[in-house]
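Student: Can we go through the aromatic rings in this one? I'd like to see how they pair up.

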Amino acid sequence: MKKLFSALLLTVSITIGFSFTPNYLTTCTAPQNVAITSINGGDISFDWDNCTGGCTEYKVKFYRYEDSYSSGTYLTSSSAFSFSNLPDGTYDFYFATVCDGQASSFIIIEETISN
């Protein structure tokens with residue numbers, strides 16, 4: 001159905017002479033150059049490049065292996081984020097960009113926290 005709609009839309013666009021990209025065709029790229037900026041005990045901070053092209057915010061979360069704990073998802077408009085008071089363990093930290101209400105794939109950074 002989407003292919004038929006896209007073909008019809010393309011035909012209409014060419015005939016009328018304007019361009020329109022439906023939201024479901026918009027791609028949102030994952031955050032670029034995600035890096036740890038500091039680790040101090042149970043605190044860890046990250047930074048990444050500002051997004052371009054219609055992004056509005058970022059999703060961040062973590063998973064701790066030792067007890068299979070998954071944090072909730074945090075939304076931020078900043079290209080930096082810190083987690084505080086984390087217990088010792090091995091973590092996967094997840095970062096995604098949000099564009100037009102759709103999230104990119106996640107970038108995953110693994111790190112061990114030791115207090």
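Tutor: Here is a quick tour of the ring contacts in this predicted model.

Student: How many aromatic pairs are there in the whole structure?

Tutor: The search finds 16.

Student: Pick one. How are the rings of F46 and F93 placed?

Tutor: Their centres are 5.0 Å apart and the planes meet at 50°.

Student: Where do F46 and F93 lie?

Tutor: F46 is in strand β2, residues 43-47. F93 is in strand β7, residues 89-99. The pair therefore ties together parts that are 47 residues apart in sequence.

Student: Is F46 buried or exposed? And F93?

Tutor: F46 is buried, at 1% relative accessible area. F93 is buried too, at 0%.

Student: Next pair. What about Y74 and F81?

Tutor: Also a tilted pair. The rings sit 5.4 Å centre to centre, with 40° between the planes.

Student: How accessible are Y74 and F81?

Tutor: Y74 has 37% relative accessibility, so it counts as partly exposed. F81 has 17% and the cut-off for buried is under 20%, so F81 counts as buried.

Student: Which residues form the aromatic cluster?

Tutor: F46, W48, Y58, F62, Y69, Y74, F81, F83, Y91, F93 and F95 form one cluster. Both pairs we discussed have their residues in that list.

Student: New topic, charges. Where does K61 lie?

Tutor: K61 lies over the face of Y94. The distance to the ring centre is 5.5 Å.

Methods. Residues numbered from 1 in each chain as written. Predicted model: local features only at pLDDT ≥ 70, side-chain atom pairs only at ≥ 80, totals over all residues. Heavy atoms only, no water. Phe/Tyr/Trp six-rings, centres within 6.5 Å; stacked < 30°, edge-to-face > 60°. Helix = DSSP H or I, 4+ residues; strand = E, 2+ residues; numbered from the N terminus. Buried < 20%, exposed > 50% of the residue type's maximum accessible area, 1.4 Å probe, protein only. Lys NZ or Arg CZ within 6 Å of the ring centre and 35° of its normal.
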